[in-house]
Amino acid sequence: MPDSSPEPDEATVDAVGKLVFALETVEQARGHLYAFHHLTGTADFALGDAVEGLRKAGHAEWAERIETELVGLNVLPDRWTFQVVEEYDDGYYQACRDLTRDVVDDLTDGRRHLHEERIKRRRRTEGRPGHEMGRPSSG
């Protein structure tokens with residue numbers, strides 16, 4: 001049975017498209033945050049290797065200072081990067097995802113990329129291989 005709900009107006013589709021774009025940007029930021037988490041952890045283990053190398057090379061004082069002052073140091077007050085990631089995920093990120101999903105469900109019947117779907121409809125060459133419309137935006 002075909003869906004009888006009316007298509008959203010252009011202003012709604014445009015606004016929801018901007019909201020979805022904002023969420024996609026938050027997703028990218030989250031990826032960078034995870035990269036920061038991984039790189040910081042990798043650096044911490046490399047510092048441990050440097051400490052070991054300095055000790056073997058006879059520089060115990062420098063090794064001790066690096067080991068006690070820098071290895072395992074919080075990146076923010078009381079926080080390692082895993083705590084920053086978890087708090088971001090459970091706070092800002094989750095709120096952005098939840099609100100975006102609720103708006104998309106309500107205003108575009110769950111179709112997250114209706115704006116892009118409409119652009120595709122206008123920009124493709126009808127009947128040309130590789131330009132098929134395909135399935136509609138999720139919903």
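## Helix 4 and its buried face

Let's start with helix 4, which covers residues 114-123. Helices here are DSSP runs of H or I with at least four residues, numbered from the N terminus (strands are E runs of at least two). In this helix, L114, E117 and R118 are buried. Buried means under 20% relative accessible area, exposed means over 50%, and partly exposed is in between, using a 1.4 Å probe and protein chains only. Looking down the axis of helix 4, you'd find its buried residues within an arc of 95°, so they line one face of the helix. That arc is taken from the directions that run from the helix axis to the C-beta atoms.

A quick note on what you're looking at: this is a predicted model, where local features need pLDDT of at least 70 and side-chain atom pairs count only at pLDDT 80 or more, while totals for chains, interfaces and linings use all residues. Residues are numbered from 1 along each chain as its sequence is written, and side-chain values use heavy atoms, with hydrogens and water left out.

## Where helix 4 meets helix 1

What do the buried residues of helix 4 pack against? Their partner is helix 1, residues 10-56. In general, two packed helices are described by the angle between their axes and the distance between the axes. For helix 1 and helix 4, the axes come within 8 Å and cross at roughly 115°. On the helix 1 side, the contact is made by E10, V13, D14 and G17, and on the helix 4 side by L114, H115 and R118. Contact means heavy atoms within 4.5 Å. Sorted by class, this contact has two nonpolar, two polar and three charged residues. For these classes, Ala, Val, Leu, Ile, Met, Phe, Trp, Tyr, Cys and Pro count as nonpolar, Asp, Glu, Lys and Arg as charged, and the others, Gly among them, as polar. The axes themselves are lines fitted to C-alpha atoms, for helices over the stretch in contact, and the angles run from 0 to 180 degrees between N-to-C directions.

E116 is also part of helix 4. With 36% relative accessibility, E116 counts as partly exposed.

## Helix 1 with helix 2

Now for another helix pair. The axes of helix 1 and helix 2 come within 7 Å and cross at roughly 160°. The two helices are therefore roughly antiparallel to each other. As for the cut-offs, angles under 35 degrees are roughly parallel, over 145 roughly antiparallel, 65 to 115 roughly perpendicular, and the rest oblique.

Which residues make this contact? Helix 1 brings L47, V51, L54 and R55, while helix 2 brings A60, W62, A63, E64, I66 and E67. By class, that gives seven nonpolar, no polar and three charged residues.

## Helix 1 with helix 3

Helix 3 pairs with helix 1 too: their axes come within 10 Å and cross at roughly 165°. Helix 1 and helix 3 are therefore roughly antiparallel to each other. The residues of this contact divide into 19 nonpolar, five polar and four charged.

T100 lies in helix 3 and, at 4% relative accessibility, counts as buried. Leaving aside neighbours within four places in sequence, T100 is in contact with L19, V20 and L23. D89 is found in helix 3 as well, and its 13% relative accessibility makes it buried. Again setting aside neighbours within four places in sequence, D89 touches R30, Y34 and Q94, in the sense of being in contact with them.

## Two loop residues with positive phi

Most residues other than glycine have a negative phi, and most peptide bonds are trans. D78 has a phi near 65°, a positive value in a residue other than glycine. You'll find D78 in the loop between helix 2 (60-69) and helix 3 (81-107). Is D78 buried or exposed? At 59% relative accessibility, D78 counts as exposed.

D109 also has a positive phi, near 55°, and is a residue other than glycine. This residue sits in the loop between helix 3 and helix 4. D109 is partly exposed, with a relative accessible area of 44%.
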